[in-house]
Amino acid sequence: MNTTLKSLFAEERFEFISPPDKAFILEFNDEMTRLGYDFGGKIGDGYCWGRYMLIYRKSNVKSQKVFARIYLREENIALRLFLNNVDSHRGFLERSPAYIKQVFTGDHGKCQHCHNEKEGKCRFRKTYTIDGVFIEKCNGITFEFPSPTVDQLQDYVALFAEFFPEKKRNLHAQSPYTV
């Protein structure tokens, strides 16, 4: 199950992570594994996002595309999902709980039209509309969910599955519905 992750969390360097945050990470990891994604068995440096981070990619494929990260910070954790084509999921997002919707509609990550403008376009800008409001976000810091909890886990899993439905996920992953 989470043997590898649990054994990593037993290391002294991870003592700063609170028990509720560890519980979320372990359960999130179980869900990601079930969906066909994994963190590669290692917790890496967090660079500017935190002390450490877990990086989730598709299991058993060569692609290095990142689908999710969990940032391990001194005071809390943050879940970041790497999402595209937000307008295609507008209905889902407009019906989402406030703690999910806020990440898409709030000021955090708001595009500042920085130096990345080339010919009027920025390759890092995410643009979409929610509740009739046009939104521009900077892809460098978008879709980061601060302090996720186990109680909210199924909403995060539903959000992930909305953007990455099973037919688009790793077809080689073991389905929870097969014998």
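Colleague: This is a predicted model. How many bridges join β6 to β7, and do they run parallel or antiparallel?

Modeller: β6 and β7 run antiparallel and are joined by six bridges. Two strands count as paired when there are at least two bridges between them, so β6 and β7 meet that definition with their six.

Colleague: What is the bridge partner of Ile-130 in β7?

Modeller: Val-133 is the partner of Ile-130. The hairpin of β6 and β7 has two residues between the strands, and Asp-131 takes a positive phi near 55° there.

Colleague: What makes Asp-131 and Lys-101 a salt bridge?

Modeller: The closest N and O atoms of Asp-131 and Lys-101 are 2.5 Å apart. The cut-off is within 4 Å, so the pair qualifies as a salt bridge.

Colleague: Where in the chain do the two residues of that pair sit?

Modeller: Asp-131 is in the loop between β6 (125-130) and β7 (133-138), while Lys-101 is in helix α4 (residues 98-105). They are 30 residues apart, and the pair links distant parts of the chain.

Colleague: Why is Lys-101 called buried?

Modeller: Lys-101 has a relative accessible area of 18%. Buried means under 20%, so Lys-101 falls in that class. Asp-131 has 45% relative accessibility and counts as partly exposed, because that class lies between the buried limit and the exposed one, which is over 50%.

Colleague: How do you know that Glu-136 and Arg-125 meet in a salt bridge?

Modeller: The N to O distance between their side chains is 4.0 Å. The definition asks for within 4 Å, and the pair is counted as a salt bridge. Glu-136 lies in strand β7 and Arg-125 in strand β6, so the bridge ties together parts that are 11 residues apart in sequence.

Colleague: Which of these two is buried and which is partly exposed?

Modeller: Arg-125 is buried at 17% relative accessibility, and Glu-136 is partly exposed with a relative accessible area of 24%.

Colleague: What separates Arg-34 and Glu-31 within helix α2?

Modeller: They are three residues apart in helix α2 (residues 19-35), about one helical turn. Glu-31 is buried, with a relative accessible area of 16%, whereas Arg-34 is partly exposed at 33%.

Colleague: How many salt bridges does the structure hold?

Modeller: The structure holds seven.

Conventions:
Residues are numbered from 1 along each chain as its sequence is written. This is a predicted model: local features need pLDDT of at least 70, side-chain atom pairs count only at pLDDT 80 or more; totals for chains, interfaces and linings use all residues. Side-chain values use heavy atoms; hydrogens and water are left out. Helices (H or I, at least four residues) and strands (E, at least two) are DSSP runs, numbered from the N terminus. Buried means under 20% relative accessible area, exposed over 50%, partly exposed in between (1.4 Å probe, protein chains only).
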